[in-house]
Amino acid sequence: MYSVIFPNEGKSDVSGLDVSKIGSGATGTVYAFEAFGCKYAAKIIKNISDDARDKIQAMISMSSTLRKRNESLFDHLAWPVGEIYKEGEFVGFAMQVLPAVQFIP
């Protein structure tokens, strides 16, 4: 079972995260999930280091300040907004789902 902690909303358990894969890369896998009535993406990082965890936690602590400075820009960033844990161990971060952008050739 995964859980996500958002600085302002609190903690929420997340079930079914392993079956909602939407992408993967060299450092981890991205899954879709819902918490507190909103849709998010979760990046679960392979072999996360203490330095990477510290950096992600610092970025999360900055998220509300960045949103206040420029909300329309922030809504188009894949910026960490919550910590993801599995069985009490930090494994990744939550980010908002970005709006689809249509490109016209």
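## Lining of the largest pocket

Sorted by class, the residues lining the largest pocket are 7 nonpolar, 5 polar and 4 charged. The structure is a predicted model. The lining has 16 residues, and those nearest the centre of the pocket are Glu-9, Tyr-40, Arg-67, Phe-74 and Val-81.

Which elements supply at least two residues each to this lining? Strand 5 (38–45) and helix 1 (50–69) do. Helix 1 gives the largest share, with 6 residues.

## Space in the pocket

Rolling a probe the size of a water molecule over the atoms shows where empty space is left. In the largest pocket, that space comes to about 370 Å³.

## Helices and strands

The chain contains 2 helices and 7 strands. Their order along the sequence is β-β-β-β-β-α-α-β-β.

## The chain as a whole

The C-alpha trace spans about 40 × 30 × 30 Å along its principal axes. Why can the chain be said to agree with a compact globule? A compact globule of 105 residues would have a radius of gyration near 13 Å, and the chain has 14 Å, so the two agree.

Of the 105 residues, 36% count as buried, where buried means under 20% relative accessible area. The chain exposes about 6,800 Å², and 53% of this area is supplied by carbon and sulfur atoms.

Among contacts between residues at least 6 apart in sequence, 40% join residues at least 24 apart.

Key
Residues are numbered from 1 along each chain as its sequence is written. This is a predicted model: local features need pLDDT of at least 70, side-chain atom pairs count only at pLDDT 80 or more; totals for chains, interfaces and linings use all residues. Side-chain values use heavy atoms; hydrogens and water are left out. On a 1 Å grid over the protein atoms alone, a cavity is a set of points where a 1.4 Å probe fits but cannot get out, and a pocket is an open set with protein on both sides within 12 Å along at least five of seven lines; lining residues have an atom within 4 Å of a point. Grid points are joined across faces, edges and corners, and a volume is the space filled by probe spheres set on the points. Helices (H or I, at least four residues) and strands (E, at least two) are DSSP runs, numbered from the N terminus. Ala, Val, Leu, Ile, Met, Phe, Trp, Tyr, Cys and Pro count as nonpolar, Asp, Glu, Lys and Arg as charged, and the others, Gly among them, as polar. The radius of gyration is taken over C-alpha atoms; the globule rule is 2.2 Å times the number of residues to the power 0.38. Buried means under 20% relative accessible area, exposed over 50%, partly exposed in between (1.4 Å probe, protein chains only). Contact means heavy atoms within 4.5 Å. Accessible areas come from the Shrake-Rupley method with a 1.4 Å probe; for residues, only the protein chains shown count as cover.
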